[in-house]
Amino acid sequence: MSQERRKLPLIAVYGEAAAKAEQRVTELLDAARASPTEVHTLIAAIQAGAVEAAQGEAIELDTQAPSSSSDQAHEGWYRAVGAIADRLAHIADRTVRQARPAASVPDTPPVVSRSAPNSLPTPVDSVGEDQVHQVLDAAERSFVSLTGYAGFDRDL
């Protein structure tokens, strides 16, 4: 006798809004003369940051196993939370990693800035720590402004 597997609820509310928001951000960055490479990389960083925040919240669940459960149930709970956290970390890493090939080979010629007439986009792998922190700061500000959630642990 096969037991039917219970289906988990799927969030299907934010996909369209996220697609519209991404399109609008792309339009604004294009208007600000950002290169397609930079736009793609920034959007990937914002998406990865949102997944990372979800991972941080999932990790907090490790201490919330039902108090009346056995040690075996607690261990199962902890392993399930760990599996979810690992999967979310993988998704965030994959999001950033997939942005790198697109960033290293732009589809269109780079936009040349007025201050540095002969400059080309910087390959992602050679970006300095300071630039990484600037992108992370921008991603955090965007995440907080979009979600209103500021209770994440940046060190995570």
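1. Let's start with threonine 26, which sits in helix α1, a helix spanning residues 15-31. Please keep in mind as you look around that this is a predicted model. Is threonine 26 buried or exposed? Its relative accessible area is 19%, and buried means under 20%, so threonine 26 counts as buried.

2. What does threonine 26 touch, once its neighbours within four places in sequence are left aside? The contacts are Val39 and Ile43.

3. Next, have a look at the largest nonpolar core, which has 5 residues in all: Ala48, Val51, Ala58, Leu88 and Ala92. The largest share, 3 residues, comes from α2. As background, nonpolar side chains in soluble globular proteins tend to be buried together.

4. Not counting residues up to four places away in sequence, valine 51 touches Leu88, Ile91 and Ala92.

5. Finally, turn to the surface. Ile11, Val13 and Tyr14 form a nonpolar patch there, and together they have about 380 Å² of accessible area. Tyrosine 14 lies in the segment before α1. With a relative accessible area of 58%, where exposed means over 50%, tyrosine 14 is exposed.

Terms used
Residues numbered from 1 in each chain as written. Predicted model: local features only at pLDDT ≥ 70, side-chain atom pairs only at ≥ 80, totals over all residues. Heavy atoms only, no water. Core = buried A, V, L, I, M, F, W, Y, C linked by side-chain atoms within 4.5 Å. Buried < 20%, exposed > 50% of the residue type's maximum accessible area, 1.4 Å probe, protein only. Helix = DSSP H or I, 4+ residues; strand = E, 2+ residues; numbered from the N terminus. Contact = heavy atoms within 4.5 Å. Patch = residues over 30% accessible without salt bridge, like charges linked within 9 Å, V, L, I, M, F, W, Y side chains within 5 Å. Areas by Shrake-Rupley, 256 points an atom, 1.4 Å probe, with all protein chains shown as cover. Salt bridge = Lys/Arg side-chain N within 4 Å of Asp/Glu carboxyl O.
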